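Here's a quick walk through a helical model, written for someone who likes to check things against the coordinates. Have the structure open and follow along.

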Amino acid sequence: MQDIPHSLTAQDSLVAVMMAVSASDEEITSAELLTIERVVNHLPVFADYDPDRMKNVSQTVFDLFAVEDGLDALFGLVRDNLPEHLWETAYALACDVAASDGVLHGPELRILEEIRYELNIDRLHAAAIERGARARHMVL
C-alpha cells in the first residue's frame with residue numbers, strides 16, 4: 001500500500017469524495033467515471049486543477065477503503081483540506097456521481113448519509129441537493 005498523504009488540495013478532496021461514492025458499492029461504473037471526468041473538466045472550482053492528479057487521489061481512496069477506519073481517515077483528510085464553504089459542493093458532486101448510473105445501491109446511500117453527517121450538511125439543504133441531482137440525471 002502506498003503512503004497515505006497527509007494532505008490533499010481542495011480539488012483533490014472533491015475528487016476523493018466523488019471517487020469514494022463511486023467505489024462505495026465496489027462497482028465503479030462507466031457513467032460514474034464519466035461524471036467525475038465531466039465535473040473536473042467543466043466546473044469552475046477545477047479551473048486550475050491538473051487532471052493527472054486524479055489517479056493518485058483515486059488510489060488513495062482505494063487504499064483507505066482497504067484499511068480499518070479508512071473511511072474516517074478519508075473524512076478527516078477532506079475536512080482538513082476542503083474549505084467549509086465547499087462542503088455542500090462536495091455533497092452535490094457526491095450526489096451527482098451516485099445518481100449518474102440511474103441506480104442507488106445501499107452502500108451508496110450509506111456513504112451519502114455519512115458524507116452529510118461528516119460535512120455537517122443541513123438536512124433541508126441535503127434534500128434540495130439530492131432533488132437537483134435526481135432531476136439532472138432523469139432519463140426519458
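This is a predicted model: local features need pLDDT of at least 70, side-chain atom pairs count only at pLDDT 80 or more; totals for chains, interfaces and linings use all residues.

## Helix lengths

For a helix, the expected span is 1.5 Å times one less than its number of residues.

Helix α2 covers residues 30-42, and its 13 residues should span 18 Å, which agrees with end C-alpha atoms 18 Å apart. For α4, 12 residues at 1.5 Å a residue should give 16 Å, and the end C-alpha atoms do sit 16 Å apart.

## The annotated stretch

UniProt, in an unreviewed entry, puts the feature "domain: Co-chaperone DjlA N-terminal" at residues 12-126. Over residues 12-126 the chain is 69% helix and 0% strand, with 22 Å between the end C-alpha atoms.

D12 belongs to helix α1. At 1% relative accessibility, D12 counts as buried, because the cut-off for that is under 20%. Leaving aside neighbours within four places in sequence, D12 is in contact with Y49, R53 and V57.

Which residues of α2 are buried? They are E32, T35, I36, V39 and V40. Looking down the axis of α2, the buried residues fall within an arc of 125°, so they line one face of the helix. S30, L34 and H42 are exposed on the other side of α2.

The buried residues of α2 pack against α1 (10-23), α3 (54-65), α5 (87-99) and α6 (106-118). T29 counts as buried, at 13% relative accessibility. Beyond its neighbours within four places in sequence, T29 is in contact with S22 and D101.

In soluble globular proteins, nonpolar side chains tend to be buried together. Here the largest nonpolar core has 41 residues, and V15, M18, F46 and I115 touch the most other members. At least two residues of this core come from each of α1, α2, α3, α4 (70-81), α5, α6 and α7 (123-136). The largest share, nine residues, is supplied by α5.

F46 also takes part in the one aromatic pair that the structure holds. Its partner is Y49, and the geometry is edge-to-face, with 5.6 Å centre to centre and 65° between the planes. F46 is buried, with a relative accessible area of 3%, and Y49 counts as buried too, at 9% relative accessibility.

## Around α6

The buried residues of α6 are E108, I111, L112, I115, R116 and E118. What covers them includes α1, α2, α3, α4, α5 and α7. I115, not counting residues up to four places away in sequence, touches V17, V21, F75, Y91, A94, N120 and I121.

G106 is also part of helix α6, but this glycine counts as partly exposed, at 29% relative accessibility. G106 and D69 are 37 residues apart along the chain, and their C-alpha atoms are separated by 19 Å.

What comes between α6 and α7? L119 has its place in the loop there, and with a relative accessible area of 1% this leucine is buried. Setting aside neighbours within four places in sequence, L119 is in contact with V78, R79, W87 and A90. N120, which follows α6, has a positive phi, near 55°.

Now jump back along the chain. L119 and F75 are 44 residues apart in sequence, yet their C-alpha atoms are separated by 8.2 Å. F75 is one of the buried residues of α4, along with G70, L74, G76, L77, V78 and N81. The cover over the buried residues of α4 includes α1, α3 and α6.

Technical notes. Residues are numbered from 1 along each chain as its sequence is written. Side-chain values use heavy atoms; hydrogens and water are left out. Helices (H or I, at least four residues) and strands (E, at least two) are DSSP runs, numbered from the N terminus. Buried means under 20% relative accessible area, exposed over 50%, partly exposed in between (1.4 Å probe, protein chains only). The arc is that of the directions from the helix axis to the C-beta atoms. Contact means heavy atoms within 4.5 Å. A nonpolar core is a set of buried Ala, Val, Leu, Ile, Met, Phe, Trp, Tyr and Cys residues joined through side-chain atoms within 4.5 Å. Rings of Phe, Tyr and Trp (its six-membered ring) pair if their centres lie within 6.5 Å; planes under 30 degrees apart count as stacked, over 60 as edge-to-face and the rest as tilted. UniProt positions are given in the numbering used here, feature names are shortened, and annotations may be inferred rather than shown by experiment.
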